[in-house]
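Take a moment with the sequence and the model below before reading on.

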Amino acid sequence: MPRQLIKRIIVTKPKRFARITTVPELRQLRRKALLAQRSVGFVPTMGALHQGHLALIRQAAKENDQVYVSIYVNPTQFGVNEDLSSYPRTWPEDQVKLQALADEFSKNESVGQITAVFMPSTKEMYPSAPPSSEIDGQGSFVTITPLSTRLEGASRPVFFRGVATVCMKLLNIVQPERVYFGQKDIQQTFVVKRMVQDFHLGTVVRVGSTIREPDGLAMSSRNVYLGERRRAIALVLLDSFKEVQQVFARGARKRRYLYNAAMDKLSLVRKQQEALPKGKRALFEIDYISIADPDTLEELDEVTAERGAILSGAIKMLPVEDPQEGEDTGLGGGKSTVRLIDNIRLNLLSAKVGYIP
Ligand code: AMP
């Protein structure tokens, strides 16, 4: 056989990944990897994959021999009035995206491969009882307090209980060397790191940067709900962070100056929208603006130039009023409220150049 061909056969890795729905099958595959001394990187998702997810999978493939991805819309992290039933589920498109990535990885010797996509049913994930989304609901849950009660947790009281519980289950099942989360959901990374530490889970939590649309909007599976009108002002949150960066660069360190810079921008845009006719405007409510310690996520009274802060926030884009003929109102016809979150690392470097880290 010609040498070149032999080499090609050796370096060409299998391109197909296993689609797995049960815990025993996943464990069997994981055991094989362990015995073969192959490292496993794990990327948990709820599907409706976009470039943010794909960047995490790329990072996992760079740092591990095998990549496991899970796609599971976890009911316990949705509150009773949240969008569980309408959450986008797009497996055919997700499969195409994952296959394209798998093909790309198979041509590159220096990265790992997508080995498995885990898509369990809810019965598989919650074997003994239908999971509850009630605040005082019964069940086997993991709670990480007080971290889970603040910011996102204040608006969505069951959210982090659901996230921690499903991540605990998934990490017990997959037992990856490394698990990958996006900075976009910054508080989630703190909750998971705390859980891994406090429960002695043998995995390393890796955080990938926020992937944004060309205009800066953080990618999110929920952006499909926005529609044209709300999408046009969805950047207001990031714009408010840029105002904070500017006052920080000019020397402001006290919380109230930094906080007010964000709130002034948000209030201004809200007033401008309120002044428009119903058929043209997109109203929003401010949920919170947080200026927090980069290590503990505790709110800061003063930000130092050396340590900087995590600047995060959430706004609620209210339902589209008076939809116009032929208007793109987004998935669901603009009827639902869309909550947008974002965060940046506030430090002098980012402030000086107006860079969004
Ligand atoms: P989700 O499917 O929304 O649960 O997200 C799965 C993972 O992808 C989480 O770790 C998210 O933080 C991460 N993620 C979502 N959007 C982005 C983004 N725009 N950039 C980077 N990571 C993201």
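In which loop is the place of L151? Since this is a predicted model, read what follows as a tour of computed geometry. L151 sits in the loop between α5 and α6.

L151 is not a glycine, yet its phi is positive, at about 45°. L151 also counts as buried, because its relative accessible area of 13% is under the 20% cut-off.

P146 is found in the loop between α5 (122–125) and α6 (152–155) too. What kind of peptide bond joins T145 and P146? A cis one, with omega at about 0°.

Q175 isn't a glycine either, and its phi is positive at about 45°.

**Around the ligand**

Now for the ligand. How many residues surround the ligand? The count is 17, and the closest are M46, H53, D185, I211 and M219. By type, the shell divides into seven nonpolar, eight polar and two charged residues.

| Residue | Atom on the protein side | Distance to a ligand oxygen atom |
|---|---|---|
| M46 | backbone N or O atom | 2.9 Å |
| H53 | side-chain N or O atom | 2.9 Å |
| G182 | polar backbone atom | 2.9 Å |

How much of the ligand does the protein bury? Taken alone, the ligand exposes 490 Å², and the protein buries 92% of that. As for where the shell comes from, the elements that give two or more residues to it are β2 (40–45), α3 (51–63) and β5 (178–182). Helix α3 gives the most, with three residues.

**Rings and the charges over them**

Next, the aromatic side chains. A pair of aromatic rings is described by the distance of the centres and the angle of the planes. The count here comes to two aromatic pairs. One of them is F78 with Y87, whose centres are 5.8 Å apart and whose planes make an angle of 80°. That pair is edge-to-face, because its angle is over the 60 degrees needed for that label.

Are F78 and Y87 buried or exposed? F78 is buried, with a relative accessible area of 1%, and Y87 counts as buried as well, at 7% relative accessibility.

R156 lies over the face of F159, at 4.1 Å from the ring centre. R256 lies over the face of Y257, at 5.0 Å from the ring centre.

**Two more stops**

R281 belongs to the loop between α11 (255–274) and β7 (284–292). Is this arginine, R281, buried or exposed? At 14% relative accessibility, R281 counts as buried. A polar atom of the R281 side chain lies 3.1 Å from the backbone oxygen of E274.

A164 is buried, with a relative accessible area of 0%. How many residues along the chain lie between the positions of A164 and T76? They are 88 residues apart along the chain, while their C-alpha atoms are separated by 9.9 Å.

Methods:
Residues are numbered from 1 along each chain as its sequence is written. This is a predicted model: local features need pLDDT of at least 70, side-chain atom pairs count only at pLDDT 80 or more; totals for chains, interfaces and linings use all residues. Side-chain values use heavy atoms; hydrogens and water are left out. A residue is near a molecule or strand if one of its heavy atoms lies within 4 Å of it. A polar contact is a pair of N or O atoms within 3.5 Å; within protein, one must be able to donate a hydrogen and the other to accept it, and residues adjacent in sequence count only if both atoms are side-chain atoms. Accessible areas come from the Shrake-Rupley method with a 1.4 Å probe; for residues, only the protein chains shown count as cover. Helices (H or I, at least four residues) and strands (E, at least two) are DSSP runs, numbered from the N terminus. Ala, Val, Leu, Ile, Met, Phe, Trp, Tyr, Cys and Pro count as nonpolar, Asp, Glu, Lys and Arg as charged, and the others, Gly among them, as polar. Rings of Phe, Tyr and Trp (its six-membered ring) pair if their centres lie within 6.5 Å; planes under 30 degrees apart count as stacked, over 60 as edge-to-face and the rest as tilted. Buried means under 20% relative accessible area, exposed over 50%, partly exposed in between (1.4 Å probe, protein chains only). A charge sits over a ring if NZ of Lys or CZ of Arg is within 6 Å of the ring centre and within 35 degrees of the ring normal.
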